[in-house]
Amino acid sequence: MKAIYNNILHNVSRDKRQLAVLIDPDKMKLEQLKMFMQKLNKSITTHIFVGGSIVDDDSTEILVKHIKQLTQLPVVLFPGDVTQITDEADALLFLSLISGDNPDYLIGKHIQAVSKIKRSNLEVIPTGYILIENGKPTSVERVTQTRPISRTHVRQVIDTAKAGELLGMQLIYLEAGSGALHPVPTEMINLVKQELSIPVIVGGGIRSKVQLQQAYAAGADVVVIGTAFEENDSFFDDLKR
Ligand code: 1GP
């Protein structure tokens, strides 16, 4: 069953713009969740991503259970670590950090995750994860001990994304990092999109409706926003259905 991935493909084929709201279990308090989800449900959000760089052992599972009670939208894990994989979600972005050369994040963590995945009903979506320099260091960089690709090395980003597709990955995620100073450059999104036949996810540092629209116009199939909603959930009001 590939229901969630097939739905993403279907939306891409109809030019439907997709917005994933990223909820970090380390930052979201359960007391706030109900209000947050009410606003989210009235917005153009199509997916909920759950994950973070540093998360306590059980908090992802507890959070996902609560989210599932408050929405019909698909909940997709975007895990910073194996401990964040829970069967309560619908799908898992099985991320390989292909911009870096740390074997743990290219294949090592994945091997550790196998027994957990096999026991679950999660839809697994192999995803090439590419970190792009944004003007300041990010927690992904710190945790994974890898360097992002320079914003000016566009050819390297395109070829990395293409290599991911040729390896069989089903999504490419261009990541500027949570709270990025500068989002992924629109020209870079555009050139990567032209090269690929799989969907492109873009996230990091997108804080306004204008930036969101610019990312879509450049070719992003799914845009991920976390920090802007964490800081001010009235941003959902700008993005009503
Ligand atoms: C981070 O791409 C996501 O992994 C979202 O970034 O928190 O900056 O929106 P922001």
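In this predicted model, the ligand takes up the space of the largest pocket.

The shell around the ligand consists of 14 residues, of which Glu175, Gly179, Gly205, Gly226 and Thr227 come nearest. Sorted by class, this shell contains five nonpolar residues, eight polar residues and one charged residue. Two strands deserve attention here: β6, which spans residues 171-175, and β8, which spans residues 222-225, each contribute at least two residues to the shell.

In the side chain of Tyr173, an N or O atom is 2.9 Å from an oxygen atom of the ligand. Ser178 also takes part through its side chain, with a polar atom that lies 3.1 Å from an oxygen atom of the ligand. Gly204, by contrast, takes part through its backbone, where an N or O atom lies 3.1 Å from an oxygen atom of the ligand. How much of the ligand's accessible area does the protein cover? On its own, the ligand has 300 Å² of accessible area, and the protein covers 97% of this.

Across the whole structure, a search finds 11 salt bridges. One of them joins Glu230 to Lys27, with 3.9 Å between the closest N and O atoms. Glu230 belongs to helix α9, residues 227-231, whereas Lys27 is found in the loop between β1 (18-23) and α2 (30-41); the pair therefore ties together parts that are 203 residues apart in sequence.

Notes: Residues are numbered from 1 along each chain as its sequence is written. This is a predicted model: local features need pLDDT of at least 70, side-chain atom pairs count only at pLDDT 80 or more; totals for chains, interfaces and linings use all residues. Side-chain values use heavy atoms; hydrogens and water are left out. A residue is near a molecule or strand if one of its heavy atoms lies within 4 Å of it. A polar contact is a pair of N or O atoms within 3.5 Å; within protein, one must be able to donate a hydrogen and the other to accept it, and residues adjacent in sequence count only if both atoms are side-chain atoms. Accessible areas come from the Shrake-Rupley method with a 1.4 Å probe; for residues, only the protein chains shown count as cover. On a 1 Å grid over the protein atoms alone, a cavity is a set of points where a 1.4 Å probe fits but cannot get out, and a pocket is an open set with protein on both sides within 12 Å along at least five of seven lines; lining residues have an atom within 4 Å of a point. A molecule sits in a cavity or pocket if more than half of its atoms lie within 2 Å of its grid points. Helices (H or I, at least four residues) and strands (E, at least two) are DSSP runs, numbered from the N terminus. Ala, Val, Leu, Ile, Met, Phe, Trp, Tyr, Cys and Pro count as nonpolar, Asp, Glu, Lys and Arg as charged, and the others, Gly among them, as polar. A salt bridge is a side-chain nitrogen of Lys or Arg within 4 Å of a carboxyl oxygen of Asp or Glu.
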